[in-house]
Amino acid sequence: MSAKLVMKQVTKTYGEGDGAMTVLNHLDLTVNEGEFIAVLGPSGSGKSTFLSAAGALLTPTSGEILLDGESLRDKDKGELTELRLKKIGFMFQSAQLLPFLKVEEQLLYVAKLAKLSPKEAKVRAAYLLKRLEIWERRNHYPEQLSGGEKQRVAIARAWMNKPAILFADEPTASLDYSRGREVVRMIADEVRSEGKAAVMVTHDERMLDWCDRVLHLEDGVLVEAHSLN
Amino acid sequence: MFLAIREMRHSKARYSLIMVIMLLVSFLVLFVTGLARGLAYANISALKNMPANYFAVQSDADHTFRRSQLTDTELAAARSVAGEANATPLGVQTSTITAAGADVKADITFFAVDMTGMLAPEVTEGAGFTNEVQGSAIADSKLEQSGVTIGSTIRDQASGMSWTVTGFVKDSSYSHTPVVYINQLDWQAMKQGTVQGGGGSGKANAPYNVIALDVTAAQAGQIADQLQSVEVITQKQAIASVPGYSAEQNSLMMMIVFLIVIAAVVLAVFFYVITIQKTSQFGILKAMGTKMSYLAWSVIGQVMLLSVASLVLGILLTLGMNMGLPDTMPFELDGQTMAMTSLLFIGMSLLGSLISVARVAKVDALEAIGRTGA
């Protein structure tokens with residue numbers, strides 16, 4: 001089994017001198033293929049910083065991050081953008097679909113960025129949309145969808161370019177309990193069927209049933225939470 | 001363009017609105033340009049249609065034809081350089097005429113020319129006359145509209161002389177007045193009285209105003225060097241010095257410049273506001289791996305599409321409007337002017353869109369994480 005994400009001694013400090021604030025403090029994490037990990041923590045604990053660093057959006061002050069075996073160190077902005085496109089699938093809070101694209105086009109757009117052939121993209125989009133049971137809504141705009149449907153489109157969009165790993169930022173924040181659980185179950189299903197990995201950041205402890213491991217972000221490091229399950 | 005087009009499809013009302021504004025401004029720009037050109041042409045078409053590319057004027061005349069006085073000596077000198085056919089005298093006299101048998105009183109400008117030389121008017125209606133005939137004239141067709149016909153007798157109020165109109169020419173105005181062409185014989189007769197009255201000798205030929213030249217730049221320089229107190233100016237300079245011409249064109253030019261600037265500012269501000277509204281979207285797009293160059297082309301593409309589309313409609317509207325304009329309203333828009341104006345308009349729009357592009361460049365992909373957003 002290969003590691004999809006490896007974080008070694010990652011530290012992120014904001015500010016300098018006395019006012020410096022260390023958000024990530026020598027954090028270590030390894031996520032293997034087929035693993036679905038949840039990271040818990042109250043707001044302000046550094047979850048966003050953790051996700052940004054892991055997602056190649058933020059360069060850590062020190063430490064090393066490897067995505068699908070590839071080190072993020074010494075990569076310039078353009079290379080990181082390319083890497084995010086090919087290796088990472090993002091799910092944002094409140095889905096964050098583009099309001100002016102129809103459901104199917106949301107997927108075709110990321111495929112187009114990755115220079116997938118239009119024909120291939122169509123097939124892949126249809127496959128994902130059918131599996132996530134949103135195929136009938138493919139010609140709708142996001143404003144016509146419910147919150148749960150939007151997040152399902154977001155899952156499909158995140159998996160579109162067959163990334164190595166999926167990062168989900170509070171995917172259930174805007175959903176009620178049962179729809180939230182449904183969305184998490186779908187992420188877990190995709191991780192298993194595609195043989196990929198996923199990291200979900202959340203503050204909602206009711207959403208953890210399908211996660212392989214649950215970690216707490218405390219004082220800048222991740223702690224295994226045995227007590228919870 | 002994938003994003004640009006779909007976004008416009010989704011927000012039709014928003015983008016139609018900006019297109020209507022741009023359409024109106026581009027129409028206004030083209031229309032005022034056409035009017036400015038039309039006015040210019042109506043003002044000085046007689047000069048513009050002359051085959052002369054240089055004019056010799058008295059150096060203290062400020063390039064103004066009517067202030068200049070040149071004699072046979074200067075003409076001979078100019079001809080020695082340019083050749084007999086390429087230098088010809090021109091007399092200019094503004095006056096008021098009345099026409100017998102018609103209730104006409106009109107301000108006109110007499111052009112005294114050599115009827116066999118290069119300035120001889122090209123008659124479009126009726127017939128010309130020779131240098132030896134006295135009492136004949138060719139008038140601009142605008143006089144025809146005020147009731148003068150071929151065979152009419154027109155009388156100069158100042159000198160009391162009369163001419164029979166033998167033909168008409170088209171597009172021959174000077175300082176917004178129709179031009180009446182007479183030959184040098186009548187010019188001498190008209191001027192002798194003045195010269196004698198002024199206490200002159202009366203024997204010498206009455207002076208001309210300017211000498212029209214069809215020469216190379218080198219020859220023009222040579223003539224200017226040879227003749228003291230004579231300046232050789234280009235046709236452009238001569239036109240710019242026609243009384244009222246510069247003032248008229250400058251005001252219109254200022255309007256056009258302001259219109260183009262306003263169009264650019266309106267578009268720039270509109271797109272900037274839209275861009276600010278979409279900040280979170282750009283963050284998401286960047287986080288997902290969209291290259292900055294792609295986003296920049298998306299913004300520029302939208303501006304291009306909008307400005308080109310509204311410009312095309314603006315051109316059609318201008319041409320349509322032109323067909324409905326009355327003849328008395330001078331309007332002239334040639335392809336070259338139109339192309340230049342259009343390019344300027346699109347160029348300014350693109351310049352304005354760069355502000356939005358700069359704004360998009362500043363958006364950090366990090367904004368996508370941890371935002372509840374819309």
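Q: What makes strand β5 and β9(B) of chain B count as a pair, and in which sense do they run?
A: In this predicted model, β5 (residues 136–140) and β9(B) share two bridges in the antiparallel sense. Two strands pair if at least two bridges are found between them, so β5 and β9(B) meet the criterion with their two bridges. Within this pairing, B:Ala139 stands opposite B:Val180 of β9(B).

Q: How do you know that strand β3 of chain B also pairs with β9(B)?
A: Strand β3 (residues 104–113) and β9(B) are joined over five bridges, and here the sense is parallel. The requirement is at least two bridges, and therefore the five bridges of β3 and β9(B) qualify them as a pair. One of the positions involved is B:Ala112, whose bridge partner in β9(B) is B:Ile182.

Q: What makes β8 of chain B a partner of β9(B), and what lies between the two strands?
A: Strand β8 (residues 173–174) runs antiparallel to β9(B) and is joined to it by two bridges, with B:Ser173 having B:Pro178 as its bridge partner. The two strands form a hairpin with two residues between them, in which B:Ser175 takes a positive phi near 55°. Most residues other than glycine have a negative phi.

Q: Why is strand β9 of chain B called mostly covered?
A: Strand β9 (residues 177–183) has seven of its seven residues in the buried class. Buried means under 20% relative accessible area, so each of these seven residues falls under that cut-off.

Q: Why is B:Ser342 called buried, and where does it sit?
A: The relative accessibility of B:Ser342 is 11%, and the buried class is under 20%, so B:Ser342 belongs to it. B:Ser342 is placed in helix α11 (residues 335–362) of chain B. Leaving aside residues up to four places away in sequence, B:Ser342 touches B:Leu311 and B:Ile315.

Q: Which residues of helix α1 of chain B are buried, and what do they pack against?
A: In helix α1 (residues 2–10), the buried residues are B:Phe2, B:Leu3, B:Ala4, B:Glu7 and B:Met8. They pack against α3 (103–113) of chain A, and also against α2 (12–48), α9 (279–287) and α10 (292–324) of chain B.

Q: Why does A:Glu133 count as exposed, whereas B:Ser229 counts as partly exposed?
A: A:Glu133 has 52% relative accessibility, and exposed means over 50%, so A:Glu133 passes the cut-off. B:Ser229 has 46%, which lies between the limits of 20% and 50%, and it is therefore partly exposed. A:Glu133 is in the loop between α4 (118–131) and α5 (147–159) of chain A, and B:Ser229 is in the loop between α6 (217–226) and β11 (230–234) of chain B. Each has a positive phi without being a glycine: near 55° for A:Glu133 and about 60° for B:Ser229.

Q: Why are β2 and β5 of chain A said to stand at the edges of their sheet?
A: The sheet is open and has four strands in the order β2-β1-β4-β5, with antiparallel pairing. Strands β2 (21–32) and β5 (70–71) each have a single partner strand, so one side of each is left without a neighbour in the sheet. Strand β1 (residues 3–14) pairs with β2(A) over eight bridges in the antiparallel sense, and among the positions joined are A:Val10 and its bridge partner A:Leu27.

Methods:
Residues are numbered from 1 along each chain as its sequence is written. Chains are lettered from A and ligands numbered from 1 in the order in which they are written. This is a predicted model: local features need pLDDT of at least 70, side-chain atom pairs count only at pLDDT 80 or more; totals for chains, interfaces and linings use all residues. Side-chain values use heavy atoms; hydrogens and water are left out. Buried means under 20% relative accessible area, exposed over 50%, partly exposed in between (1.4 Å probe, protein chains only). Contact means heavy atoms within 4.5 Å.
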